[in-house]
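Trainee: I would like to work through this structure step by step. Can we go chain by chain?

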Amino acid sequence: MASHDTGPNRLTDRIAARFENPTLRWGGIGLILILLAIVPSVFGQYATVIMTNALLYVVLALGLNVVVGFAGLLDLGYAAFFAVGAYTIGILTLDFGVNFWLALPCAVMAAAIAGVIIGGPTLRLRSDYLAIVTLGFGEIVRFSARNLEITGKASGLSGIGQPWLFGWHIATPTDFYFVFCCLAIVAVIVSLRLENSRLGRAWLYVRHDEDVAEAMGINRVAVKMAAYVTGAIFASIGGAFFAANLGAISPESFSFTQSVLILMAVILGGMGKIPGVILGAFIVILGPELLRNLGELRLMVFAVMLLLIMLFRPSGIWPKRGTRS
Amino acid sequence: MSVFEIISHQLINGLVLGSFYALVALGYTMIFGVIKLLNFAHGDLYMVGGFIGFLSLSAISSVVGSDWPGIFVAMFLSMIAVGFIGVIIERVAYHPMLGAPRLSILITALAVSLVLQNTVLSLTGGQYTAFKTDLGFAGINLGSLFISYNQMVLVATAGVLMIALQLFITKTQFGRAMRAVSIDMDMSQLLGINVPVIIAVTFFIGSALAAAAGTMAGAYYGSIWYFMGFLIGLKAFTAAVIGGIGSIPGAMLGGLILGLLEAFGTQIPFIGSEWKDVFSFAVLILVLVLKPTGLLGKSEQERM
């Protein structure tokens, strides 16, 4: 594929270069943390709920970024892992009375197993086919949730309890906002560490040239599987807290549109670039909200904007420096 | 009902459903053939086709009536209109992206799909629109088996369209050029084929076939809404993959197979009809895992 948009002096790079300076960078991070901390008291409850949703998307988009951005695998059914996490929590806490914090590792395990089950036979496929298989898998999970007794059929599960953490009952929207803040921060740190790890470099090789990577001694399928399972773990944790936050989940929360929105966040921001993906997640959630006074036209305006962004910046708003696809 | 009746009844249901899938799958496979794009907006062109067909029929029904002749005229108008919409979409949203990363063009396709859905959503308010026709319920009885004339006309029309397409692809100069472009776009360009025109023609035909299916499905099932293209888009893609993506006979075969599988899938004991969508996606995954090239597809090395 042709390389795109690789000049050294793009605006985003120049801004990024400023942050090479440690004082500025830590200052910037501090500023962001302070801004995150004051959102509930300054902007009120409505904004807090929207921001909570945006932070959930940051977690999900960073998870999908491991699969799509780092390992270069297109996944159109990512919401399935999100659903596995949410439903595992729902079923375990409601039907079996398991404590949330015990159910959480089970949800992560379930999503990881789902990742292995779907990844095992499919990761050898060419990329377009992988996209379709993941799409099919996502729809199978959603239809199954809609048809099975244990997942509450079409009406879903409701009455999922809010967890306690060392005497702190996580109950109000503001509580959940701070929980999702912490999750998003952890997700960012884990993503950064993964990117620079041995595994992260293996993903980079596989993404650029599978055959050469294999010749260099990288186990292509194992490395892809690792990306898949990592992504699934991110999504299941997001799903678990999503279920606890809303208290109710239904199959329609995990539709293809959900998978597409998460993928949009990743690609819109700039695949593989962690700040870009975070930006993308915020655009995907805040964009339609900011356009809310357009009424019914807002999704259309959003779609047109999305189209224009992709046409003028095909590698995303804030791509990796010297990105080659 | 006897086993024979159930089988023949589902055979007819499967053929009707399969005809719709096949018509939509053809567009997917043709577009994938020439520009290697999964056109996610294709299902929405089927939906738009349904709506334009409905509007055309409302406009002309006083002259030609709203039985099959009227529906055919409406279908023809819808095919032309949606064909041009498809060409415009290609020029605006896909053509500038041909050199861009492959995932980016997928996102523009999804954006186009959102634009189409939300345009119709804001025009209709998200309600189902009744597609009123004068189609009767008459049919013929073969023993105890009943086939309605509508089903016969529908399957026959789909068949005629597919035969016409096959003749176009194999017998005309345009068709030959289209096949050449799908094999090697750069080489075709060097040999003097006007590639942008071929791509435009491909989008026109693919979109027009989806519109034909949309109009017929609207008339047959009696209602249309803005989200009706989504699931059939996925199913048609499944059909195209089963047949071997890029292969035109494969798309027809895949559509019919998927339609029949779904019709018979609902008859498997302990699996209710609510599982039919799971069933078709499971088939998709099995086909891709066991025979990734599909039934009639050629194996192709991945180009990065």
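This is a predicted model: local features need pLDDT of at least 70, side-chain atom pairs count only at pLDDT 80 or more; totals for chains, interfaces and linings use all residues.

Trainee: What percentage of the residues in chain A is buried?
Mentor: Start with the outline. The C-alpha atoms of chain A fill a box of roughly 55 × 50 × 40 Å along the principal axes. Of the contacts in chain A with a separation of 6 or more, 77% join residues 24 or more positions apart. The buried part of its 325 residues is 48%.

Trainee: Are helices H2(A) and H6(A) roughly parallel or roughly antiparallel?
Mentor: H2(A) covers residues 22-70 and H6(A) covers residues 173-195. Their axes come within 8 Å and cross at roughly 30°. H2(A) is therefore, with angles under 35 degrees counting this way, roughly parallel to H6(A).

Trainee: Is Ala243(A) buried or exposed?
Mentor: Ala243(A) sits in helix H9(A), residues 220-246. Ala243(A) touches Ala86(A), Ile89(A), Gly90(A), Ile160(A) and Ile249(A), leaving aside residues up to four places away in sequence. Its C-alpha atom is 9.1 Å from that of Ser158(A), which is 85 residues away along the chain. Because 29 C-beta neighbours lie inside 10 Å, Ala243(A) counts as buried.

Trainee: Now chain B. What radius of gyration does chain B have?
Mentor: Chain B holds 11 helices and 4 strands. The globule rule gives 19 Å for its 304 residues, and chain B is close to that, so it is as compact as a globular protein of that length. The radius of gyration of chain B is 19 Å.

Trainee: What percentage of the residues of chain B counts as buried?
Mentor: The C-alpha atoms of chain B fill a box of roughly 60 × 50 × 40 Å along the principal axes. Residues 24 or more positions apart make up 76% of the chain B contacts with a separation of 6 or more. Among its 304 residues, the buried part is 52%.

Trainee: Which helix gives the largest share of the side of chain B that touches chain A?
Mentor: In all, 37 residues of chain B are in contact with 38 residues of chain A. H4(B) (102-124), H9(B) (228-243) and H11(B) (276-290) each supply at least two residues of that side of chain B. The largest share is 14 residues, and the helix supplying it is H4(B).

Trainee: Which residue in E3(B) is the bridge partner of Ile140(B)?
Mentor: E2(B), residues 139-142, pairs with E3(B), residues 145-148, in the antiparallel sense over 4 bridges. The two strands form a hairpin with 2 residues between them, and Gly143(B) in the turn has a positive phi of about 65°. The bridge partner of Ile140(B) is Ile147(B).

Trainee: What is the phi of Lys36(B)?
Mentor: Lys36(B) lies in the loop between H1(B) (3-35) and H2(B) (42-64). Lys36(B) is partly exposed because it has 17 other C-beta atoms within 10 Å. Most residues other than glycine have a negative phi. Lys36(B) has a positive phi, near 55°.

Methods
Residues are numbered from 1 along each chain as its sequence is written. Chains are lettered from A and ligands numbered from 1 in the order in which they are written. Two strands pair if DSSP finds at least two bridges between them. A residue is buried if 20 or more other C-beta atoms lie within 10 Å of its own, exposed if 12 or fewer, and partly exposed in between; C-beta atoms are placed from the backbone. Two residues are in contact if their C-beta atoms, placed from the backbone, lie within 7 Å. Axes are lines fitted to C-alpha atoms, for helices over the stretch in contact, and angles run from 0 to 180 degrees between N-to-C directions. Angles under 35 degrees count as roughly parallel, over 145 as roughly antiparallel, 65 to 115 as roughly perpendicular and the rest as oblique. The radius of gyration is taken over C-alpha atoms; the globule rule is 2.2 Å times the number of residues to the power 0.38.
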